[in-house]
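Please have the sequence and the coordinates at hand while reading.

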Amino acid sequence: MSVKVTLKTVFFLFCGVNTALVFFVGLQGVLFVEELSFSGWDMLKLISVAFASSLPTLVFAGQEAASRRRVIFLRTTHFILTAGTVFALLILYGMIDTSNAIYVSLIFLVIYIVAYIVIELRAKKLADKLNERINAFHNSENETH
């Protein structure tokens, strides 16, 4: 990914994660804690977690056509950096405690895997569409010659 594309991805990822965090906290407030109060500092904490969780995406900057082994290494590094950053901030802010860290880690891992499956499926769909267009172009060019 080029640096420009990576920075755009970081921004959109930040927006998506921030929206998901606010939605998740709001849903928890509606379902479990009827009298949920939120301060400005709490909102800034959520924003900082969203921002910090999107920064490890910079690992992919400048990584064009990488081997399969390199891609696995980068994704593993990205997961470890993202999980470490998020958990460190959540523990620091007192949003989770270490007693339920394994449960939260498993949820985080499942969400991470599902997100990458969705990304891979979308990339494959785009590649198939592009290959179809290329083949149609070549077929039409062969017919004219």
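## Salt bridges

K124 and D128 both lie in helix α4, four residues apart, which is about one turn of the helix; helices here are DSSP runs of H or I of at least four residues, strands are runs of E of at least two, and both are numbered from the N terminus. An α-helix has 3.6 residues a turn, so residues three or four places apart point the same way. The side chains of K124 and D128 meet in a salt bridge at 3.3 Å, N to O, the term being used for a side-chain nitrogen of Lys or Arg within 4 Å of a carboxyl oxygen of Asp or Glu. D128 counts as partly exposed because its relative accessibility is 40%, where buried means under 20% relative accessible area, exposed over 50%, and partly exposed in between (1.4 Å probe, protein chains only).

By this rule the count comes to two salt bridges. E120 forms a salt bridge with R75, with the closest N and O atoms 2.3 Å apart. This pair links distant parts of the chain, since E120 is in helix α4 and R75 is in helix α3, 45 residues apart. E120 is partly exposed, at a relative accessible area of 37%, and R75 is also partly exposed, at 22%.

## Basis and confidence

This is a predicted model, in which local features need pLDDT of at least 70 and side-chain atom pairs count only at pLDDT 80 or more, while totals for chains, interfaces and linings use all residues. Residues are numbered from 1 along each chain as its sequence is written, and side-chain values use heavy atoms, with hydrogens and water left out.

The mean pLDDT (the predictor's confidence in each residue, from 0 to 100) of the protein chain is 84, and 98% of its residues reach 70 or more. Confidence is lowest in helix α4 (residues 101-144), at a mean of 84, and highest in helix α2 (residues 40-54), at 90.

## Helix α3 and its cover

The 25 residues of helix α3 (residues 68-92) should span 36 Å at 1.5 Å a residue, and this agrees with its end C-alpha atoms, which are 36 Å apart; the expected span is 1.5 Å times one less than the number of residues. Just after α3, G94 takes a positive phi of about 75 degrees.

The buried residues of α3 include L74, H78 and F87, and what covers the buried residues of this helix includes α2 and α4. H78 counts as buried because its relative accessibility is 6%. Leaving aside neighbours within four places in sequence, H78 is in contact (heavy atoms within 4.5 Å) with P56, T57, F60, Y112 and Y116.
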